[in-house]
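I opened my notebook to go through a new structure.

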Amino acid sequence: MTKINSICIIDDDPITVFGVRKMLSLVVDCDNISSFVNGKKAIDGIKEQLNENDSIPEIIFLDINMPIMDGWQFLEEFIALPVKENIRINIITSSIDAFDKDKWEHYQKRTDHLITYNHKPLFKKQIAEITKKTF
Amino acid sequence: MPKGDHIDTNIHLIKQLPSATAFVNIDFEVVYASDKWMELYKLKRTEVVGKRIDYLFTDSNSDLADTLNDCLSKQVDKTFEEFNYDPTGKKWYEWSCNPWLDEQENVIGLILTTEDVTQQKLTETNLGRLRSKLEIISEIGKIGSWEYDIVEDKLIWCSVTKKIHEISDDFVPNIEDGIGFYKEGYSKNIISMAVHDAISGGSGWSEKLQIVTAKGNEIWVRSNGTPVYDDGKLIAIRGTFQDINDKVLTETKTKANEKLLHTLIDNLPLNIYIKDTESRKILVNKAESDYLGFSDPSELLGKSNSDLYDSDIAEQLNREDQTIMDTLVPMINKESSIRDKSGKTTTFLVSKIPLLDENGHANGLVGISHDISELKQKEEKLRNLVDVASLQNKKLVNFAHIVSHNLRSHTANFSMLLEFLIDEKSEEEKKNIIRMLTNASDNLMETLENLNEVVAINTNAGLEKKPTNLNKKIETVQQNLTAFLKSHNATIINDVEENVMVKVVPAYIESILMNFMTNAVKYKEPNRKPVVELSSGHQNGMTILSIKDNGLGIDLKKYGDKLFGMYKTFHQHKDSRGIGLYITKNQIEAMKGRVVVCSEVGKGTTFKIYFNDED
C-alpha cells in the first residue's frame, strides 16, 4: 500500500467525505486524513499548518459547490500560498457545466500543482489511481 | 419767271436772287448766276460766265448734259439730285431745271436752281435706317402694331400683326375681325370690354390673352392699346400686338416644374432644408416645419440653429454644418439624436450635402433628415425581447445544470454507498451505511420538492395577480411570525404607506415577505438586537419595497453573483439551505418584478423589491 503522510478532503457533503475516507482506507496507508466542510475552513487550516511548519497534505480532494468559500475560491488562495512541494489536487464534482471544466483548465495552467478533475461518484479504482505516487 | 432780254436790265435783280440760280443758254453756257449760286459752289463770276455748265461739273455729274438736253428738247421741268463732295463732308444738292423762255415763248435756255438738301437727305437716311431697324425688332420680337381709326371705322394691321394672326398680307381686317380672333370666353370678353372702355372712356389697356389664329392655332399674345386724341377729340386707338406664346408656355412649364418640385419636397416623408453659410434656413419643407412646430415653412426662413435649438444642440449643429462647408465632404446617413426645444429627442438619419457656387466654394448646404425614432423604438423593443429571451434561456440552462448537479450528487452517493454495502462485512458498518442511504434518500426527496416548487413558479402562469394592500400583507406575515420574532428579540418597523396597492400573486407575496423577514432576523449580528425596517417608494411607475436589516451583512464582491443562486449559502448557519432566496427571486420575477440588494459586512443588508403592475 502506498504510504502517504497527509490527505485532506474538502466537501460539505458528509456522505462523500465518508465514502472517500472509506475508499482511502482500502488503498493507501495514511495516518493523517483530515476533512473540512468548506473552502474557508480548509484554507485556514492549511495556512496554520504552513505557519507551524507542519507538513501540508500531499493529496487534496476538493468539492466545487460549497458554502462560504467554494472550490474555485479555495484554489485561488491555495495556489498563491508559498508551498514548495507539488500537491495533487483532485476536483470531485457532480457538475457537468462546461464552465467548470474551463475553469479547471484555466487553473491547471496557472500552477505547478497537479490538478485533476473527476465526476461523482468516485470509485475505489480511481482513488487508487489518484494516490499512486507518480507525481 | 423773267423772260427775254429784260434779263440784262434785271441783272442786279438776278444777282440778288435769294436762291442759288443759274441761267444757261441753249449751248448750256452760263449767262447769269445769282450770288447764292456762286457761293454754293465757291466759284467766281469770271470763272463761270460764258462757260458750259456741264464742263463746270464734269467730275461729279457726267450725265448732266444728257439731263439738260432732255429738259431742253422736251421743254419740261426736271428735278434731280446731285451728290457732291465738299471739304467739310458729304453734300447733297437738288437741282431744279426749268426751260428759259423769251417773250415769244421760245426756249432760249434753262434756269437752274440748286438747293442744299444734305440735311434733308441725312434725315431721310436715318429714318429709313430706323424704320428697317424697327422692322427687324418687330420681326424678331414678334411685336406688331395696329391702329383703329375711329372716325373712319378703319382697322390697320402691320405685316407682323398679320403674321401673328396667320393671315395673308392682303387681308383687310375690320374691328369685328380683330376681336373675333380672340379665344371665346375670358380672352374675348376682356378685349371686348377693353376696346369698349377705350372708345367710351378713353383708357388704354395691356392684357395677356389668347387668340385663335386663322389656321386654328391657339396662341398667347400681349395686346396693348392707347387712345389717340386730336384737339381733345378721340380719333383713334393705336397699339402693339405681341406673340408671347413661347414665353408663356415656357413660363407655364417652369411654373409646373416648380410646383412639381415643391409638391415633391413638401410631401416627401423626409425633413428637407437648405441653409446658407451662416446656417440660416433659406428653404424648408413641410415636414421640417411640422417637426419644428411651425405652421408654415416660410416662418422658418432666416432662422439659425440657435433660434431653433437649445445652445448645446445648436453648437453641435453649427460645428457639423461648418465642417461640411469647409471640407466640402458630404455627410451621408449619419444617425443623430436631436433634442428640440420642448425637450423631446428625435433620432434622425441625417445627410448634409454642400452646395457649391461657380467658384467651387460652398455657399450653403442642403440637408435631408429621416426620422427613424419609431424604427429605433421598435429596434429597442426587439432588443429587449431578445434580451428577455436570452435571459430566459440562460435561466433555463442554469436550471438544467442545477437539476443535473443536484440529482447527480445524490445518485452518486447512492451508488457509492451501495457499493460499500455489498462489500461490507461488519454489521455495525452496514447499519451505518443504511442510515446514510436513508439520509441521502430524504435529501433527494427534499431536493426534488424544491425543484418542483421552482418549476411550478416558472411555469405556473395561471396564478392571477391581484391588487393587494402591501402594508396589510406585512402585518399579516408579521403576525404569523410572532413566535419566531419574539424568540429572536426582533423589532419590525413597518413604514410602508398604508394605502399602497401592488399587483401580486397573494401566495407569492406572503412567501416573499416571510423569507426576507426571517432571513433578516436569522442572519443577525450576534451583538445587536435585530431591527427590520420596511418602507415603500415609487419609481417609473413601479412600487418599491425596501427591507433593511442591521444584521451580518454580506460581501457582495465575493458572493454577489451567487446570492440568489440555488443551494448557495454564505453563512455558517444551521438553518441555511440555500433555497429561500432562489425561490423568492423566482417568485418576484414570475410576477415581472425584480430584486436588488445592497449590503455592508457588519452593518446590514437592504433588499429592494420592484413590483410591476402589468399583468
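I began with a definition: a salt bridge is a side-chain nitrogen of Lys or Arg within 4 Å of a carboxyl oxygen of Asp or Glu. I noted that the model is predicted. Over all chains, I found 33 salt bridges.

**Entry: the interface.** I looked up where chain A and chain B touch. On chain A, 25 residues are in contact with 26 residues of chain B. The area buried between the two chains is about 2200 Å². Carbon and sulfur atoms give 57% of that area. In chain A, the residues that lose the most area to chain B are A:I15, A:F18 and A:I68. Together they account for 29% of what that side buries.

**Entry: charges across the interface.** How many salt bridges cross between chain A and chain B? I found two. In one, A:K22 meets B:E424, at 2.6 Å from N to O. Is A:K22 buried or exposed? A:K22 is buried, with a relative accessible area of 17%.

**Entry: a pair within chain A.** I checked A:D63 and A:K120, whose side chains meet in a salt bridge at 4.0 Å, N to O. The pair links distant parts of the chain, 57 residues apart. A:D63 is in strand β5 (residues 59–63), and A:K120 is in the loop between β7 (114–119) and α5 (124–131). Both A:D63 and A:K120 are buried.

**Entry: a pair within chain B.** B:K585 and B:E589 form a salt bridge at 2.8 Å, N to O. They are separated by about one helical turn, because they lie four residues apart in helix α21 (residues 580–590). B:K585 is partly exposed at 25% relative accessible area, and B:E589 is partly exposed at 26%. Elsewhere, salt bridges that share partners join B:K275, B:E320, B:D321, B:K334 and B:K352 into one network.

**Entry: cysteines.** How many disulfides are there over all chains? I counted zero. I checked A:C30: the closest cysteine sulfur, in A:C8, is 11 Å away, so the two are too far apart for a bond. A:C30 is buried at 14% relative accessible area, whereas B:C158 is partly exposed at 21%.

Note on methods. Residues numbered from 1 in each chain as written. Chains lettered and ligands numbered in written order. Predicted model: local features only at pLDDT ≥ 70, side-chain atom pairs only at ≥ 80, totals over all residues. Heavy atoms only, no water. Disulfide = S-S within 2.5 Å. Buried < 20%, exposed > 50% of the residue type's maximum accessible area, 1.4 Å probe, protein only. Contact = heavy atoms within 4.5 Å. Buried area = accessible area lost by both parts, 1.4 Å probe. Helix = DSSP H or I, 4+ residues; strand = E, 2+ residues; numbered from the N terminus.
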